[in-house]
Amino acid sequence: ERGRGKLCGKTGSFFLKKPLKEKIGAHLAMTIWFGKFEHVAKAFKTPSGSEVTVYAETYENEMSVMGNWTTKLLPRPKFSDITGKYEIPQDSFTTPAGWRFEGDWIISVDKSIGFDNEEGLSVFKETAFEGQTRKPGASWTASSTETWWTDEKGDDCSSKEEIACKEGWRWMYEEWELDIQRAVDSQGFEYANEADLGSYGPVERNYHLARRRLWARVRERTGESEEKVDDSD
């Protein structure tokens with residue numbers, strides 16, 4: 001026990017460098033064990049009723065243009081790795097010798113979407129983007145702009161004045177605050193050619209027709225039960 005080392009028998013991750021002609025490197029999950037040969041079977045015994053499953057995955061990408069999802073003018077491959085940098089079409093996967101695919105491709109839904117963002121947290125930062133759009137040549141005045149609100153995923157949401165503190169929580173601060181710890185100008189704005197197309201940047205140009213800034217407000221749990229107790233009995 002003392003002589004084998006703390007990493008012996010434990011699975012570790014090893015990232016291999018990319019070959020010269022390849023775009024993607026390799027990730028090895030390796031278990032190293034030192035001991036007598038007669039103890040190998042016991043050391044690597046698979047728990048009863050379990051099996052090892054290896055998945056091949058690729059990410060299908062789309063972008064929203066004027067409220068419609070499309071692959072046209074996509075700044076990344078239609079199918080890629082998780083970073084969106086490397087193209088990985090579904091038909092590019094091959095199985096090693098002795099392996100085979102079981103069934104067709106399936107859509108893997110992130111299980112975390114079934115939970116609220118604040119699940120398990122005692123303090124949570126509520127955020128909302130205040131956005132504005134203008135016509136070419138117009139200024140950023142209230143009379144010449146249209147205001148909209150979205151969450152950080154880009155989905156429509158209520159204005160910060162309409163966002164209520166959830167039951168079982170209370171606001172830690174009285175007012176919403178601008179998040180300026182980002183690449184924004186002195187007013188907290190970042191700019192883009194169009195609201196639904198292109199990336200935002202901190203420098204305003206005459207051709208920019210959209211801008212947005214992020215408002216934030218922190219809330220904390222009160223410790224009170226969120227479930228209402230029925231005292232009618």
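Start with confidence. This is a predicted model. The protein chain averages a pLDDT of 82. Of its residues, 80% score at least 70. Where does pLDDT stay under 50? Look at residues 225-233. For that stretch the model has 5 contacts beyond four places in sequence.

Now the core. Which residues make up the largest nonpolar core? There are 5: Ala 128, Trp 149, Ile 163, Trp 176 and Trp 215. As general background, nonpolar side chains in soluble globular proteins tend to be buried together.

Take Trp 176 from that set. Setting aside residues up to four places away in sequence, Trp 176 touches Ile 163 and Trp 215, both also in the core. Its other contacts include Glu 126, Thr 127, Lys 160 and Trp 171. Ala 216 and Arg 217 are on the list too.

On to charges. In general, side chains of opposite charge can pair when their charged atoms come close. How many salt bridges does a search of the whole structure find? The count is 8. I'll walk through some of them.

One is Lys 125 with Asp 179, at 3.9 Å from N to O. Lys 125 sits in strand S7, residues 123-134, and Asp 179 in the loop between strands S10 and S11, so the pair ties together parts 54 residues apart in sequence. Are the two partners buried or exposed? Lys 125 is partly exposed, at 44% relative accessible area. Asp 179 counts as buried because its relative accessibility is 14%, and the cut-off for buried is under 20%.

Next, Glu 204 and Arg 134, at 3.8 Å. This pair links distant parts of the chain, 70 residues apart. Glu 204 is in the loop between S11 and strand S12, and Arg 134 is in strand S7. Glu 204 is partly exposed, with a relative accessible area of 39%. Arg 134, at 11%, counts as buried.

Then Arg 170 and Glu 220, at 3.1 Å from N to O. Arg 170 lies in strand S9, residues 169-171, and Glu 220 in strand S12, so here the pair ties together parts 50 residues apart in sequence. Both partners are partly exposed: Arg 170 at 46%, Glu 220 at 22%.

There is also a network. Arg 182, Glu 190 and Arg 212 are linked by salt bridges.

Now a threonine. Thr 145 is in strand S8, residues 145-150. Thr 145 is buried, with a relative accessible area of 14%. What does its side chain meet? A polar atom of that side chain lies 2.8 Å from the backbone oxygen of Thr 141. Beyond four places in sequence, Thr 145 contacts Gln 132, Thr 133, Arg 134, Ser 139 and Trp 140.

Last, the strand pair. S11 and S12 run antiparallel, joined by 4 bridges. Tyr 191 stands opposite Arg 211 in S12. In a regular strand, side chains alternate between the two faces of the sheet. Which way do the side chains of S11 point? Phe 189 and Tyr 191 go one way, Glu 190 and Ala 192 the other. All of them are buried. And Glu 190, remember, belongs to the salt-bridge network with Arg 182 and Arg 212.

That's my tour. Over to you.

Notes: Residues numbered from 1 in each chain as written. Heavy atoms only, no water. pLDDT = per-residue confidence, 0-100. Contact = heavy atoms within 4.5 Å. Core = buried A, V, L, I, M, F, W, Y, C linked by side-chain atoms within 4.5 Å. Buried < 20%, exposed > 50% of the residue type's maximum accessible area, 1.4 Å probe, protein only. Salt bridge = Lys/Arg side-chain N within 4 Å of Asp/Glu carboxyl O. Helix = DSSP H or I, 4+ residues; strand = E, 2+ residues; numbered from the N terminus. Polar contact = N/O pair within 3.5 Å; in protein donor to acceptor, adjacent residues only side chain to side chain. Pairing = 2+ DSSP bridges.
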